[in-house]
Amino acid sequence: MPSRRDAHGRVVDWTCLVTKYSRGGWVDEARVLFDIMPERNVVSYNAMLSGYLRSGRLSEGCRFFEEMPEKNVVSWTLVLCGLADAGRVEEARQLFEAMPERNIVSWNSMIGGLVKNGDVEGAREVFERMPVKNVVSCNVMIGGYVERCRMDEARGLFDGMVERNVITWTSMVSGYCRSGNVDEGYALFREMPERNVVSWTAMIGGFSWNGFCKEALLLFLEMKGDYGTKPNGETFISLVYACAGIGVPQLGMQLHAQLIVNNWDHDDYGGRLSKGLIHMYSAYGIMDYADFLFMKHSNTHSVQSCNSMINGYIHIGKLEQAQNLFDRLPIRDKISWTSMITGYFSVGEVSKACYLFQIMPDKDAISWTAMISGHIQNELFAEATDIFFKMRSEGVSPLSSTYSVLLGAAGAMSYLDSGRQFHGLLTKTHYELDLFISNSLISMYAKCGEIDDAYRAFSNMSFRDLISWNSMIMGFSDHGHTDKTLKIFEAMVQSGTQPNSVTFLGILSACSHAGLVHKGWEFINAMSDVYGIQPAPEHCICMINLLGRAGKVKEAQELVRRLPFKPDHAVWGALLGICGFGKTNPQVAKYAAKQLLEMDPLNAPAHVVLCNIYSANGLHIEEKALRREMGLKGVRKVPGCSWILVQGRVNVFLSGDILHPDVGEMLLVLFGNMSESQKESSTVLYV
């Protein structure tokens with residue numbers, strides 16, 4: 001008679017066979033084995049139940065579960081997971097509540113099922129009811145918060161954990177990067193007690209997807225060099241996009257070569273690697289390589305790859321190839337249509353862009369915004385405004401970028417009435433203005449001359465970024481409010497916002513307006529000494545103007561000679577320009593003009609300024625010679641231009657222009673208090 005040990009051994013052997021067949025996908029065969037088993041226990045039943053659920057045969061699994069003569073906590077948890085995986089989360093919850101006993105796995109499975117199906121609040125409720133929590137429970141809950149970018153709640157749970165593992169840390173790093181807070185993600189990454197390839201890849205991907213492409217590549221080199229961690233497929237995909245973003249084709253090609261040499265490109269990771277490489281080469285404009293990969297992986301074409309190809313062709317100005325590919329696409333999404341529309345606008349083909357927009361089957365706010373932006377790009381502001389109001393009449397809500405584009409155009413053209421109109425619409429339709437729009441309002445009002453309104457928009461902001469501070473600094477600077485400019489700069493530094501080169505351009509310009517030579521030297525020296533910013537040509541031009549206004553022409557000339565870079569025509573032009581302030585030094589002017597005209601022999605402003613300096617210093621022979629030279633070269637100064645918007649119509653005036661139909665009335669207004677002889681001479685002079 002066989003012993004109990006032999007009988008148990010047979011059950012184990014039969015159960016192992018059932019498990020093996022089930023895991024191999026041979027569920028029916030596993031059931032045949034199960035049915036002929038001479039003896040079964042609850043483990044045998046659970047093995048068969050797992051086979052049904054693993055293969056997606058949930059209905060059969062549930063019937064089998066009901067017929068089981070004996071069930072344990074594993075049986076209940078298996079069905080719970082099966083229901084949750086199938087999206088039948090309410091049934092899973094009812095089963096969970098009906099369980100005669102629960103263990104930590106049951107609780108974690110219920111939380112995970114709710115998180116997977118988007119019910120984070122329900123998951124938190126179950127999590128808080130747990131009698132005992134472990135690191136897996138917390139990780140599941142943190143994962144739920146991270147998926148919804150609820151990082152404050154995730155951080156609260158993370159900080160309260162007694163035990164954390166590499167998954168905990170990696171989830172938090174990934175969450176911060178997904179929510180755009182890369183600095184916090186990187187700080188946590190550096191604190192991690194241990195890292196694996198997933199941790200490194202999460203941080204590399206976080207840098208890459210948030211536009212910190214250089215940092216992504218440097219971190220990869222650190223991972224390979226200092227830690228010797230072997231990258232995986234996800235690492236390479238992130239690196240490909242980082243190489244595309246950094247804009248250096250040699251790096252991307254080097255990475256691609258490494259993939260080929262090490263046979264890492266053999267696995268395409270569901271088409272994602274080839275898709276990334278096509279995007280990379282398209283971003284570089286190297287369309288031969290992009291097309292080769294596109295054709296090589298033609299069986300796995302995605303709309304995203306097609307869109308990358310279209311954008312690549314547009315980027316290098318080959319709209320015909322982009323149109324041919326667009327016409328061949330079996331499926332076009334909104335990005336495909338919008339890319340083609342934007343492409344035609346970029347080369348001035350407004351009518352073709354409008355035609356594509358008209359036949360576009362499903363227009364969204366992005367495509368409407370592309371139309372508005374395209375018209376503004378082609379200096380068709382009135383048409384852009386009409387499109388904006390048509391967009392609203394068709395029930396499409398404008399994006400923040402829509403208003404930003406319009407406000408930017410209103411500021412650039414000094415269309416204050418239009419800018420106020422858009423601001424009024426924003427006030428009516430938005431409970432609170434976001435950062436993007438608020439920055440646009442500051443810039444628009446400042447450029448339109450309404451600096452008080454610009455400051456009011458700045459003061460009403462609950463949060464300010466570098467662009468906010470710079471816009472206000474540049475606004476005050478352009479309006480000659482030097483004291484206010486410096487006070488805003490002080491407030492910016494106190495807020496913890498680091499200034500950049502644009503900040504100092506505004507500060508130096510303000511010092512130039514007020515003649516603050518000592519302050520100007522302080523700020524330009526602080527750029528490199530305190531903030532590590534190398535002064536650019538535009539900063540040096542501000543200093544040249546500042547010194548020129550103070551009558552320090554020789555000092556300005558010395559500044560140009562000491563520059564760490566070769567001065568361009570703008571720098572020499574600035575030095576030449578200050579020679580016309582007050583008593584001048586014609587030798588400096590002649591030297592600056594010589595350098596400038598060697599770079600740009602037909603530079604009209606340089607000739608005119610030098611002529612005026614010669615005249616002011618009584619050097620009439622030199623002046624006549626230069627004017628003769630201008631005539632021989634055909635150098636003519638471009639006339640000044642101004643415009644005004646009246647009743648929706650732009651009126652443009654050039655210096656010396658008498659072609660406007662109302663020129664007589666304009667001259668009457670301008671010279672109404674003059675004598676007749678003065679009017680005649682003024683009119684002749686104006687002509």
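Colleague: In which helix does E97 lie?

Modeller: E97 lies in helix α6, residues 89-98, where a helix is a DSSP run of H or I with at least four residues, numbered from the N terminus. This is a predicted model, in which local features need pLDDT of at least 70 and side-chain atom pairs count only at pLDDT 80 or more, while totals for chains, interfaces and linings use all residues. Residues are numbered from 1 along each chain as its sequence is written, and side-chain values use heavy atoms, with hydrogens and water left out.

Colleague: Is E97 buried, exposed or partly exposed, and which residues does E97 touch?

Modeller: E97 is partly exposed because its relative accessible area is 40% (buried means under 20%, exposed over 50%, partly exposed in between, with a 1.4 Å probe and protein chains only). Not counting residues up to four places away in sequence, E97 touches R102 and R129, contact meaning heavy atoms within 4.5 Å. E97 and Y445, by comparison, are 348 residues apart in sequence and 61 Å apart in space, C-alpha to C-alpha.

Colleague: How should I read the packing of helix α23 and helix α24?

Modeller: Two packed helices are described by the angle between their axes and the distance between the axes. Here the axes of α23 (residues 365-377) and α24 (residues 381-393) come within 7 Å and cross at roughly 165°, the axes being lines fitted to C-alpha atoms over the stretch in contact, with angles from 0 to 180 degrees between N-to-C directions. That crossing makes α23 roughly antiparallel to α24, a term for angles over 145 degrees.

Colleague: Which residues make the contact between α23 and α24?

Modeller: From α23 come A365, W368, T369, M371, I372, H375 and I376, and from α24 come F381, E383, A384, I387, F388, K390 and M391. M391 of α24 is buried, with a relative accessible area of 0%, and among the residues that M391 touches, not counting those up to four places away in sequence, are A365, W368, T369 and I372, as well as V396 and P398.

Notes. Helix = DSSP H or I, 4+ residues; strand = E, 2+ residues; numbered from the N terminus. Parallel < 35°, antiparallel > 145°, perpendicular 65-115°, else oblique.
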